[in-house]
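Subject: Structure handover

Hi there,

Here is the structure I promised to pass on to you. Have a look at it first, and then read on for what I found.

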Amino acid sequence: MKNIVFKNKSSARETELKDCYIIKPRFFGDERGYYVADYIKEDMEELGFPKALSHHETKSIKNYLRGVELDANNALTSRILRAISGDAIAIVIDARKDSNTFGEYTLVHLTPYSSSDELSGKEVFVPTGYAHAVLSLKDNTIIQEFKGEKATNFKNVSSSDELRPIVSKILGELSQNKDKFKICKSLEENSVAKTISTELQDCYIVEPSYVKDEGGYHVSDFQKSEMKELGFEEVYQHSESKSAKNVLRGMHFQLDPKCQAKLVRVVSGEVMDVVVDIRKDSPTYGKSIAIHLKPYEPSDPDSGKQLYVPRGFAHGFISLTDNAIFQYFVDNSYAPELEEGILWSGEETRALFESILEEHGIDIKDLIINDKDQKRLVLKDKPNYFKYENKKDEYSFEVGV
């Protein structure tokens, strides 16, 4: 069995099934919470994962089984699975009829990251030719899943009828009472996200379509085909931070040639997300907005929103609650030597942040900000790094203007 260590010290260990890996991302913790890059394109390519075409999330009640309708479509798409909350068992089955391990399976326990539990925070890579299902062990179990491009070179993959007895056997081994499991029916995945313009040029609120079922919900929170229309070409990295209440992170951006567009969301807790347009000659240069981001709740029409932050914007947020988990897709690699930012209390965002603090009863003395963000320069003392070209998401880089 192979063991791989990636550049950022994350690692992957092959399971009993060939090419199926358990991934251990590297989490960085401090007094504010933690940060992790749980998906990096070049690392996943090393495992055999192709370009990410979509990202999905399910929330399930205890003993709910998703993925029992295992078929060729399921097995022809490689996936990466992880738990954001709750507790689950990922069932991975070799569905290749011509494989000498056909029908063999592995079980992977998925739990959210905890600094006190070395076994937490794992992911599982399900390669092409393998089918999978996920059984939730607790209420409010949230599973996230990257899907890659569909393979065209696997023609001898089992049907759901052939794999169902294997799943039934596995469930019997997991519990003496198989009837206690609730099985999810197939869900349509062709839901379309809604995009809403903001006051800032090229910056959009994205409202994914949440599909409710008896077990919870399913949502496609990233579809490459949809985001490409906004100027977001490809997911290069998916990252996550967890913050205590009153943590302020920002205002950040990255310079060319590694400038980044972002699609951001919250899966636990609540934040006020702030962006400012720093593109020279943009109609909205120097203007800023704040968006309240919180997890999806069926009874709350303002929940579950995402924000698309184009290249040439500075970005930051204040966590309004403890355990605020903030996630973002970016379209370029992280380059620490090109990391930049502006002071959060500069004239472009000062009034906005002050109104947020007043509205939510936060004393400025209670803000938790790292030294680097406290010592950043204001926008007027920075070069004009980005120039607006009057074309969606196209900017030129100017040095020392």
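This is a predicted model: local features need pLDDT of at least 70, side-chain atom pairs count only at pLDDT 80 or more; totals for chains, interfaces and linings use all residues.

Is serine 282 buried or exposed? Its relative accessible area is 8%, and the cut-off for buried is under 20%, so serine 282 counts as buried. Leaving out residues up to four places away in sequence, serine 282 touches Gln201, Asp277 and Tyr388. Phenylalanine 386 is 104 residues away from serine 282 along the chain, yet their C-alpha atoms are separated by 9.5 Å.

Now to isoleucine 4, which belongs to strand β1 (residues 3–5). Isoleucine 4 has 14% relative accessibility and therefore also falls under the 20% limit for buried. Which residues does isoleucine 4 contact, leaving aside its neighbours within four places in sequence? They are Ser10, Ser11, Ala12, Tyr21, Glu46 and Leu47. Aspartate 371 lies 367 residues from isoleucine 4 in sequence, and the C-alpha to C-alpha distance between the two is 35 Å.

Five strands make up an open sheet with mixed pairing, and their order is β10-β9-β12-β7-β14. The edges are taken by β10 (105–110) and β14 (182–183); each has a single partner strand, so one side of each has no neighbour in the sheet. The partner strand β7 (residues 64–66) runs parallel to β14, and two bridges join the pair. Within it, leucine 65 stands opposite isoleucine 183 of β14.

Finally, the chain as a whole. It contains six helices and 30 strands. For 401 residues, a compact globule would have a radius of gyration near 21 Å, and the 22 Å of this chain agrees with that. The C-alpha trace spans about 65 × 40 × 35 Å along its principal axes. Of the 401 residues, 56% count as buried. Among contacts with a separation of 6 or more, 79% are between residues 24 or more positions apart.

Best wishes

Notes:
Residues are numbered from 1 along each chain as its sequence is written. Side-chain values use heavy atoms; hydrogens and water are left out. Helices (H or I, at least four residues) and strands (E, at least two) are DSSP runs, numbered from the N terminus. The radius of gyration is taken over C-alpha atoms; the globule rule is 2.2 Å times the number of residues to the power 0.38. Buried means under 20% relative accessible area, exposed over 50%, partly exposed in between (1.4 Å probe, protein chains only). Contact means heavy atoms within 4.5 Å. Two strands pair if DSSP finds at least two bridges between them.
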